[in-house]
Amino acid sequence: MTLTNKDLIEKVTSADLQAGGGYMSPEQTNRFIDLTVDESVMLKMARVHRATRPSGELDKLNIGAPVTEYAPEAQDTNNVYNATFGKVEWNVKKLRSAFNISSEALEDNIEGASFQDTLVRAFAKRIATDLEMVAIQGDSSISDSDPVSRLLKSFDGWKKQTDTGAHYVDAGGETISKDLFSAAIKAMPAKYLTRYNELRFFASPTIYQDYLESLTDRQTTLGDTVLTQTGEVRVFGIPLVRVPLIPENLGTNQDESFIWLTFPQNFIWVILTDSKVNWFFNGRTDNWENTTYTRVDARIENLDAVV
């Protein structure tokens, strides 16, 4: 039987199943992963690997040279291309998500019995935000202890990995323009441009909005369309994706951001399929305590295909 979102929430909040702690069943875990992915922007576009062990490797196929040649009549040239496989190593890190709710809040809330359902839904959305945030912004060198830093120092995310090894275009402090997008496309190795229709730009909300504003300044049909309609925004035919969790506080003055140009499936998100949910009632404080454990990692399959 396939669980709906409501069924999953009921299972996760069930005192019979989870009081004192317990692992979700494989079906519940897969649905939980689906919920997490559905509530995100980049995770739903990335390659999601549901792992059954804490570390491993993913094969990376490499066919970089031509495999086709002129075929003389009745002659075998014996020229055969052998495919090579690289490896993408992953190693999940254990993350803990926790919240408390008082008995009074559960009993006296105007939503009544449905409040716990509402609460856990909101908590699941927050977990999804946290997991996408660490996948994008994770940096194991962070030493601060504020709530965001405690999350981000779990492991190196996609931004930290692309800081070294990816192709780079320096905007030099300039505002976003078609020239910068064009420079990014030109910086992408030609062998990946054969898959042009699969490429995506990923940008922060402010950069996304700045580019839309630059379009509205044009006295053209496109400028009117941007102002009055919703839909996919393309730059030189490549969709521009608005990613709320791409940071905008980078650099010395904490006013810088970045744009990625790559294939969505080049981002790999690994999650171990043994998520654990604990419900515990603390009689001394009269609180219900929820603790959820997930083990995840974020990897880039091919840094050469990232600008």
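**Salt bridges and exposure**

Analyst: In this predicted model, Asp179 counts as exposed, at 52% relative accessibility.

User: Which side chain does Asp179 meet in a salt bridge?

Analyst: Asp179 meets the side chain of Lys178, with an N to O distance of 3.4 Å. Lys178 has a relative accessible area of 43%, so it is classed as partly exposed, the range between 20% and 50%.

User: And how many salt bridges are there by this rule?

Analyst: The count comes to 11. One of them joins Glu232 and Arg234, at 2.8 Å from N to O.

User: Are Glu232 and Arg234 buried, partly exposed or exposed?

Analyst: Glu232 is exposed, at 53% relative accessibility, whereas Arg234 is partly exposed, at 47%.

User: Changing topic: what links Asp139, Asp156 and Lys160?

Analyst: A network of salt bridges links these three residues. Within it, the closest N and O atoms of Lys160 and Asp139 are 2.8 Å apart. That pair connects distant parts of the chain, 21 residues apart: Lys160 belongs to helix H7 (residues 158-162), and Asp139 lies in the loop between helix H5 (115-137) and helix H6 (147-152).

User: Why does Asp139 count as buried?

Analyst: Asp139 counts as buried because its relative accessibility is 19%, and the cut-off for buried is under 20%.

User: What about Lys160: what is its relative accessible area?

Analyst: For Lys160 the value is 29%, which makes this residue partly exposed.

Definitions and conventions:
Residues are numbered from 1 along each chain as its sequence is written. This is a predicted model: local features need pLDDT of at least 70, side-chain atom pairs count only at pLDDT 80 or more; totals for chains, interfaces and linings use all residues. Side-chain values use heavy atoms; hydrogens and water are left out. A salt bridge is a side-chain nitrogen of Lys or Arg within 4 Å of a carboxyl oxygen of Asp or Glu. Helices (H or I, at least four residues) and strands (E, at least two) are DSSP runs, numbered from the N terminus. Buried means under 20% relative accessible area, exposed over 50%, partly exposed in between (1.4 Å probe, protein chains only).
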